[in-house]
Amino acid sequence: MRRIRVVSRMKCKVGRKNENVKSKVLLLEKSAKNSSDKINKNPSQLMSPDTVMKEQKGSCFEMSTLLVSFLIGSGYDAYVVSGYATREICANDLSRYKCPLLNEEPQEEEPKIEVPESKYVAKPVRDLRSKFLLMMAEREEAKKKAEEEKEMEEERLRIMELEKPEPDPLYGWRVHSWVLVLPGKREIKNPFFIESASGMSYDIPDTNYLGIESVWNNVNYWVNLQICTNGCEDLDWDLTKIKKWEHLLVGEPWNQRVPNNNSYQDESDSVLQEKHLDMPMSWVNQIELPNDRYEQRYPNGSKSINYYKAMCDLYAPYLHRDGLIWRIITYSDYEQINPEIIHECYKYREDCLQKKVRYLSTDETYEFYKRGRDDCIKTFKSYTTDENQQHIRREIDFYYEARYDGLRRLEMSSEHMLEEFKGRDDRLLRRYVSVTTSERRASEDEDRRTYKYVKEEYERNPAIAADEDIASREFCILLNQIVLKYHYGPDKVTAAFRRINKPPISDLGDRLTYDDSFFVVYKPDPFAEADRKVDLYLLMMKSLQDEEMTLCHIRGMEDELYNMIHTRSLEAAQANLTVSIFDELRNEDAKLGMKEMERAIQEKSEREVEAGIDFLAPYLIGRDRDEVLPYDLALQVRQKCLENYKQTLVNRAHRMRINFEELSMRLSDEDLLSKSSIDSEDQEARSEKMRRSEIIFQMHILEKRLERHKETAVRRYKAVQECLKYDKRLSAIHTNK
């Protein structure tokens, strides 16, 4: 097996353990592709990881070294690998892989409510069909299914044959470098590969990696002595086995050495006696990744990747005004001519938009929002229901926990409206509305739609009898009827219902008289008492009021949907992005505040330096400010100034003690009052408690101030002494000494 030679400078020393940068690694531009005449040669020199970070380009060896530096700094057992790979891996060709960003997220499934099985179950109806005919039908269906599976398998094989890459004349000769991560650290259980140019991980038996010549990191350099006839699948990754991995530096690294438990010598002494060699210190610079370079992510802030029937465009945050961070367009053909679906992902949007999916063939649009919107939208789906694209159907899911009405889902079309609720106090589950017009009004001034049928469904309330608990309420507006259907009672085959024939509008009012023709009542219990006329009359009036309130609610919901559409159109036309308070690059308010604070501190320090504190000014009244005092007068002024300053510090501490004692007496008085007025009203007790807490807080502040005064008094006194020592007006004291 060929041995690769070490380049002019040892590769191991190019890598550097880096612990002070972010754990995420920038996806660098794949700029170097091996030419045909150098496809089986190692690079003559390598750029340092710091240079690769600055240039944002490099060969596969240089990018692997950079990635290993990040991984080792993050605590992984990582190595740079030099070996052989397929043409697609060497050219960073991902056109045969599905885009990893299109993995479908698991949808939240609602918990299934288990219905208890009834003790009495009716016997199933006897099946009178011919068993022979059923057997023949099943046989025919199985035969048809087998033919379909065979056709699908043939189609799959045909597609695989079409997608099979062309033969590579340099197969097995293409030198490539990638990253190896071994188990043992950071809860890694199995070894795996990482392609440094794309950031994708691969299993060890992957057929794209054909063989390994050597591996290295900042500790040592190992040469592979194993045969790679089956690629990397059968390799033993225990680097301490010298029959399989020949290491350049004699001895194992410090973290891999096994201590001799039978020896009485210290471990460090035994290691030094063996005279093992360690890797010299790296000469490359520390990798630095400032925030602006980290947020740029890609060269010039954008990158395009060609996946299987998809084109992925990646963008840096805040590069687009609408917050777009990636866009994926999927195609129906290999040439990427006929687009099918457009996926767009957004970030930092004020309208909380996260993702948008558009199906070009059916003109369907899905929008996904995170929590935080005023209208609590979760997903917004819109699509046309006819060929002329005039009738638009909209389906909206809400975060029902944040809405006051518990609305979970809303469907609106030209023919109906459906509302689904959850967690309401009135136990309303859904409301279905049928309309007569076929188009939604285009503005607020146009006529409203006409409703012909409304149905509301309620869940069971165990606190009410089944014959009085409404299961559904139907407002038949065109038939001028209201139908109330109730829940099924225990062991009942039928359920109660009441049909109300609404009186004419002219008869409604205070003079309305009861008539038996207004009601049709059915009760499953033949021995139940008949309803009183008063109860039926009150039920009819309540139902009429509920109908009016329901129609008002439906009109309000249509207005709310219109406002949602209008707001979304404004948000799409002019999207606003949010900026974190921790963002030093874009948070202008924080930057202005910090600059204003720095300016105020600088001005204050300048004023203090210019003005200064003249401790001798009170003792030199009537004299020139810069006059040099004689020895006796200077000594007298200095002594008097120090005595007065010392007395000032003592008086300040004395005042704090007096204030503390006064507060202590007030606190004791409050305790006596609270004991004497135990049976007082709650308002007085709360006010006494507030006064007591205020006194305790003031005592705590005084105590802290007194402690700080004691700590700084001596230091301040010495500072005044030093200030007077270097005062030119008192220079006679030091010259006479």
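Predicted model: local features only at pLDDT ≥ 70, side-chain atom pairs only at ≥ 80, totals over all residues.

Mentor: Residues are numbered from 1 along each chain as its sequence is written, and side-chain values use heavy atoms, with hydrogens and water left out.

Trainee: What share of the residues is buried?

Mentor: Buried means under 20% relative accessible area, with a 1.4 Å probe and protein chains only. Of the 737 residues in the protein, 36% are buried.

Trainee: Is H487 buried or exposed?

Mentor: H487 is buried, as its relative accessible area is 13%. This residue sits in the loop between β23 (481-486) and β24 (497-501); strands are DSSP runs of E, at least two residues, and helices runs of H or I, at least four, numbered from the N terminus.

Trainee: Which residues does H487 touch?

Mentor: Contact means heavy atoms within 4.5 Å. Leaving aside residues up to four places away in sequence, H487 touches Y458, E459, R460, A466, D469, I470, A471 and A495. Its side chain also reaches two backbone oxygens, that of Y458 at 3.4 Å and that of I470 at 3.5 Å.

Trainee: How does the reach of helix α4 compare with the expected span?

Mentor: The expected span is 1.5 Å times one less than the number of residues. Helix α4 (residues 131-163) has 33 residues and reaches 47 Å from first C-alpha to last, close to the expected 48 Å.

Conventions. Buried < 20%, exposed > 50% of the residue type's maximum accessible area, 1.4 Å probe, protein only. Polar contact = N/O pair within 3.5 Å; in protein donor to acceptor, adjacent residues only side chain to side chain.
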